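Good morning, and thank you for making time for this presentation. Please look at the sequence and the structure first.

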Amino acid sequence: MEFLTPAFMQRALIAAALVGITAPAIGTYLVQRRQAVMGDGIGHVAMTGVALGFFLQTSPVWMATLVAIVGAVGMELIRSRGRTSGDIALAVLFYGGMAGGVMIINMAPGGSTANLISYMFGSITTVAPEDVTAIAILAVFVIAVTVGLRRQLFAVCQDEEFAKVTGLPVRALNLLIAVTAAVTVTVAMRIVGLLLVSAMMVIPVAAAQRLTRGFMATLALAIGISLTVSLAGTVTTYYVEAPSGAAIVLLAIGVFLVLSLVSAPLARRRAKAARAASEVCTGDDVKV
Amino acid sequence: MESTVSAKSGEPGAEQPVISLRGATASLGSRTVLRGVDLTVRRGEVVALLGANGSGKSTAVRSVVGQVPLSGGELELFGTPFKRFRQWSRIGYVPQRTTAAGGVPATVREVASAGRLARTRFGFLRKADRAAVDRALALVDMLPYAEASVNALSGGQHQRVLIARALAVEPELLIMDEPMAGVDLANQEVLASALRQQVSVGATVLLVLHELGPLEPLIDRAVVLRDGCVVHDGPPPEAVGQHALPGHDHVHPHAAHDAEPLRTGLLS
């Protein structure tokens, strides 16, 4: 347990735990509505925020949060309009955010693209004490939303049209999802990195659903998987010189592959059972 | 157009209609889909909205629940102008869907429980809510599958889950957009019997149908749309709603024309 001694590692592990919980917590809803790519887009846009933070010499974390929220709300508005040109608008937003980030960081005093690298792929040595505070505050917000409003968010992501007719404030909830996703991106940026954060929103969810049948079960298992690989990946990069995001994502993919292999026979058996059950039940009786 | 008062809405006259749509116009993109539709549904009535593809029947029900904004005309639900209407727990809505599944697995019970959000704003499921979900699932014969993943269900079972979700609201008014589309005869019978039960306890129903099928005995009134206009409002048409319409697909549940549901002989 030697890796627990340095203060930077303690901070990195706290940050990793918070990433591990928050990324799949919001990611499950994004995957549910088949919007997995959103996290990736926000990550790109947040690069402009990080660069702005350097340029204005304020905290990159809070600046990235602000810019990511603006970007995410923009994406949500494009999505909800449902225009066919939405695709192109999103592309402009993604690459504009990335190009803007690189441009601005090079204009910052003493800044260069190299400053951005640790934000792109994560790094365990760069989590400053004030970052831990910021990450913790943001993570509490993400957890409160994704767990506290899980039934409402499930309904909205599962069938927006139905949710509207139950009287839920669908538009407000959609914006809340976008803001929460943006906040999650900045929670994850230090450890997993802006270009890899989306992976942690999607892969643990994909891995979990190899074994689960229900939504809440998927949510819980995805968080469990993600928490485990986030901590394991962080510890790995204490010993191996590499960006922590890369190690974490590779571990997550490993879990996904293993669960896929394990679950294939399980799924076959389940499908067979379901078929048998439906034969029994249809024949049962038709109620009058 | 004034509607016929059905035999079942026998209570004294002054009651507000449950749905009152007057002179409704609506467009989707640049295409005008409704050109002045009148539709009145009174308490206890079962009204079928019929018409060919593109006649505007789906748009008409979607405008009734606020999914399609009206560009003209008036809409009142339970006597309240739509803008001020907030009593969503009185409405159970079944949107036109071929699947109840999303990108993440969900159990039948989870999907059906979403209906309770109309009544429990803060989302806590109490015992009464669970009981309502169970009753709704039982009505469409899906209780044995409550913990199964919707991804594993057949098309007809998906539709039964979507209807259970609407029934879980415990609504006074059921609005269903093509609940029978892509549903095989056995599943249509289950849906018909659930609907029959709802009607027997006084529910009001507005549903979009392609053809009357096994629901025919339940229908009090049919409103036929053609090209965004009402061309018939009265007793269910003999053949108009079905074979006379261009573009209907030939699902032929004619065996079920009598009021008796099919017995096991055909199904087992």
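Predicted model: local features only at pLDDT ≥ 70, side-chain atom pairs only at ≥ 80, totals over all residues.

Residues are numbered from 1 along each chain as its sequence is written, and chains are lettered from A and ligands numbered from 1 in the order in which they are written.

Let me begin with chain B. Chain B contains 6 helices and 10 strands; these are DSSP runs numbered from the N terminus, with H or I over at least four residues for helices and E over at least two for strands. Of its 268 residues, 50% count as buried. A residue is buried if 20 or more other C-beta atoms, placed from the backbone, lie within 10 Å of its own, exposed if 12 or fewer do, and partly exposed in between. Contacts are pairs of residues whose C-beta atoms, again placed from the backbone, lie within 7 Å. Among the contacts in chain B between residues at least 6 apart in sequence, 73% join residues at least 24 apart.

Two strands pair if DSSP finds at least two bridges between them. Between β4 (residues 72-77) and β5 of chain B there are 2 bridges, and B:Leu77 has B:Thr80 as its bridge partner in β5(B).

I turn now to strand β8 (residues 204-208) of chain B. Here 5 of the 5 residues are buried, so β8(B) is largely enclosed by the rest of the structure. In a regular strand the side chains alternate between the two faces of the sheet. In β8(B), B:Thr204, B:Leu206 and B:Val208 lie on one side and B:Val205 and B:Leu207 on the other, and all are buried. Strand β3 (residues 46-51) of chain B pairs with β8(B) in the parallel sense over 4 bridges; B:Ala48 has B:Leu207 as its bridge partner. Strand β7 (residues 173-177) of chain B also pairs with β8(B) in the parallel sense, over 5 bridges, and B:Leu174 stands opposite B:Val205.

B:Ala131 lies in helix α3 (residues 127-139) of chain B, and it counts as exposed because it has 10 C-beta neighbours inside 10 Å.

In chain A, 14 of the 19 residues of helix α9 (residues 170-188) are buried. For helix α10 (residues 197-208) of chain A, the figure is 12 of 12, so α10(A) is largely enclosed by the rest of the structure. Among its buried residues is A:Met200. Beyond its neighbours within four places in sequence, A:Met200 is in contact with residues including A:Val19, A:Ala188 and A:Ile248.

Lastly, the largest nonpolar core has 175 residues, and A:Met200 is listed with A:Ala46, B:Leu49 and B:Ala164 as having the most contacts inside it. Such a core is a set of buried Ala, Val, Leu, Ile, Met, Phe, Trp, Tyr and Cys residues joined through C-beta atoms within 7 Å. Helix α1 (residues 7-32) of chain A supplies its largest share, 14 residues.

Key: Contact = placed C-beta atoms within 7 Å.
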